[in-house]
Amino acid sequence: MNFPEEIKKLRERALLTQTEFAEIVGVAFSTVNRWEAGKARPNIKAMKNIKAYCEENSLPYEEVEEAWLNFDVKRGNKQ
C-alpha cells in the first residue's frame, strides 16, 4: 500500500475523523486531508507524533513508516 492509503487506514482503524486525527498529531485538518490525497507527506515531527499515538493505543505503525519512507509526493506513489 502507498502512504495515503496507509495513513487513512490507520486513522480509520482508530475510528477518528480527519479533524480528530489532526488534533492528536498536532497539525491542521487540511494537512491530514493533503496526506490522504497524496499531495503531501508528514514531516519528522508529525511522524514522531503518529508513532507515539500508535504506541499508546496499540496500533500498528511499521507499515505506515515504511510507506512514508518510500513515498514520493511528486509521483504520488512508491519510488
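Glu62 counts as exposed because its relative accessibility is 57%, above the 50% cut-off for that class. This residue belongs to helix α5 and, in this predicted model, is one of the members of a patch of negative charge on the surface.

**Negative surface patch**
- The patch of negative charge brings together Glu55, Glu56, Glu62, Glu65 and Glu66 on the surface.
- Two helices, α4 (44-56) and α5 (62-70), each contribute at least two residues to the negative patch.
- The greatest contribution to the negative patch comes from α5, which provides three residues.

**Nonpolar core**
- In soluble globular proteins, nonpolar side chains tend to be buried together.
- Here, the largest nonpolar core comprises 22 residues.
- Phe3, Ile7, Leu10, Phe21, Trp35 and Ile50 have the most contacts inside this core.
- Two or more residues of this core are supplied by each of α1 (3-13), α2 (18-25), α3 (29-36), α4 and α5.
- Helix α4 gives the most to this core, with five residues.

- Val27 counts as partly exposed because its relative accessibility is 24%, which falls between the 20% and 50% limits.
- Val27 and Lys51 are 24 residues apart along the chain, and their C-alpha atoms are separated by 14 Å.

Key. Residues numbered from 1 in each chain as written. Predicted model: local features only at pLDDT ≥ 70, side-chain atom pairs only at ≥ 80, totals over all residues. Heavy atoms only, no water. Patch = residues over 30% accessible without salt bridge, like charges linked within 9 Å, V, L, I, M, F, W, Y side chains within 5 Å. Areas by Shrake-Rupley, 256 points an atom, 1.4 Å probe, with all protein chains shown as cover. Salt bridge = Lys/Arg side-chain N within 4 Å of Asp/Glu carboxyl O. Lys, Arg positive; Asp, Glu negative; His and termini not counted. Charge placed at Lys NZ, Arg CZ, Asp CG, Glu CD. Helix = DSSP H or I, 4+ residues; strand = E, 2+ residues; numbered from the N terminus. Buried < 20%, exposed > 50% of the residue type's maximum accessible area, 1.4 Å probe, protein only. Core = buried A, V, L, I, M, F, W, Y, C linked by side-chain atoms within 4.5 Å.
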